Structure formats: C-alpha cells, structure tokens
Amino acid sequence: MINVWSVSKFLEDTGVLTEDEVKRVIPFCLAACANISKRLRDVKFEEEPAVIAACAGLAFYNYSLLQCSSAEDFSSFKAGDVTISRSPSSTFESAVRFRDEAILQAVDYLTDVDFVFKA
C-alpha cells in the first residue's frame with residue numbers, strides 16, 4: 001500500500017496544510033491511499049511522486065469537503081480599508097483544482113475505473 005506518511009508529508013511540505021491540519025487529515029490520507037492503490041497499474045508505482053501527489057490531492061479534496069460543510073472555516077481579517085477573507089467555496093475550488101491536477105499527473109500509473117462504454 002502507498003505510504004500514508006509520505007502523503008501527509010507531501011501536504012505539509014507543499015504548504016497546502018499546516019502541521020496541525022496534517023494531524024487531522026491522516027484518516028483522509030489513509031482512505032486516499034487505499035483508493036489510489038486499487039487503481040494502480042502495478043504495485044511498483046506506489047512510491048512514484050506523482051502517485052503520492054494524487055493521494056494527497058484526493059485526501060485534501062475530501063478534507064476540504066468536510067471543512068466546507070462547517071461554518072468554522074470562514075475567516076476574515078480587516079486592517080483599515082483592506083479586508084481579506086477566505087470563504088469555504090474558494091477553499092473548496094482550490095481543493096478541486098489541486099485534486100484534478102494531481103490525478104492528471106499520475107494518469108500514466110493508474111487504470112481507468114470510471115469509464116463505461118454503452119452501445
């Protein structure tokens with residue numbers, strides 16, 4: 001199976017999540033590793049950086065989906081006339097892009113399980 005710690009380390013090293021958030025995302029990393037492991041063309045691809053990134057993208061997407069459902073994720077900061085805010089929808093959109101780009105980079109290592117041909 002794909003190394004869960006490599007996936008969580010990837011999320012922390014890329015700056016997608018803080019160290020505290022990485023601790024909370026471990027169950028999502030485990031589920032993503034299991035999901036991507038089933039789709040690998042060959043077991044020897046488990047340590048490929050693109051596969052690790054695909055797992056991280058999927059874990060981050062699922063974690064963001066959960067976070068967007070709670071009102072706690074919304075934050076804003078105001079200094080004089082300048083207001084900076086982060087809404088759940090923008091966080092989720094970033095997670096979707098991150099997941100899609102990461103899985104696209106790993107497509108050479110994965111089988112296509114979502115394709116259905118109908119006559």
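Biologist: Which residues of H1 are buried?

Modeller: They are Val4, Val7, Ser8 and Leu11. Buried means under 20% relative accessible area; exposed is over 50%, partly exposed in between (1.4 Å probe, protein chains only). A helix is a DSSP run (H or I, at least four residues), numbered from the N terminus.

Biologist: How do you know where the buried residues of H1 lie around its axis?

Modeller: Take the directions from the helix axis to the C-beta atoms. Those of the buried residues fall within an arc of 95°, so these residues line one face of H1. Trp5 and Asp13, on the other side of H1, are exposed.

Biologist: What do these values rest on?

Modeller: A predicted model: local features need pLDDT of at least 70, side-chain atom pairs count only at pLDDT 80 or more, and totals for chains, interfaces and linings use all residues. Residues are numbered from 1 along each chain as its sequence is written, and side-chain values use heavy atoms, leaving out hydrogens and water.

Biologist: What angle do H1 and H3 make, and how far apart are their axes?

Modeller: About 70°, with the axes 9 Å apart. Axes are lines fitted to C-alpha atoms, for helices over the stretch in contact, and angles run from 0 to 180 degrees between N-to-C directions.

Biologist: Why are H1 and H3 called roughly perpendicular?

Modeller: That name covers 65 to 115 degrees; under 35 is roughly parallel, over 145 roughly antiparallel, the rest oblique. The angle is about 70°. H1 and H3 are therefore roughly perpendicular.

Biologist: Which residues meet there?

Modeller: Ser6, Val7, Phe10 and Leu11 in H1 meet Ile52, Ala53, Cys55, Ala56 and Phe60 in H3. Contact means heavy atoms within 4.5 Å.

Definitions and conventions
Helix = DSSP H or I, 4+ residues; strand = E, 2+ residues; numbered from the N terminus.
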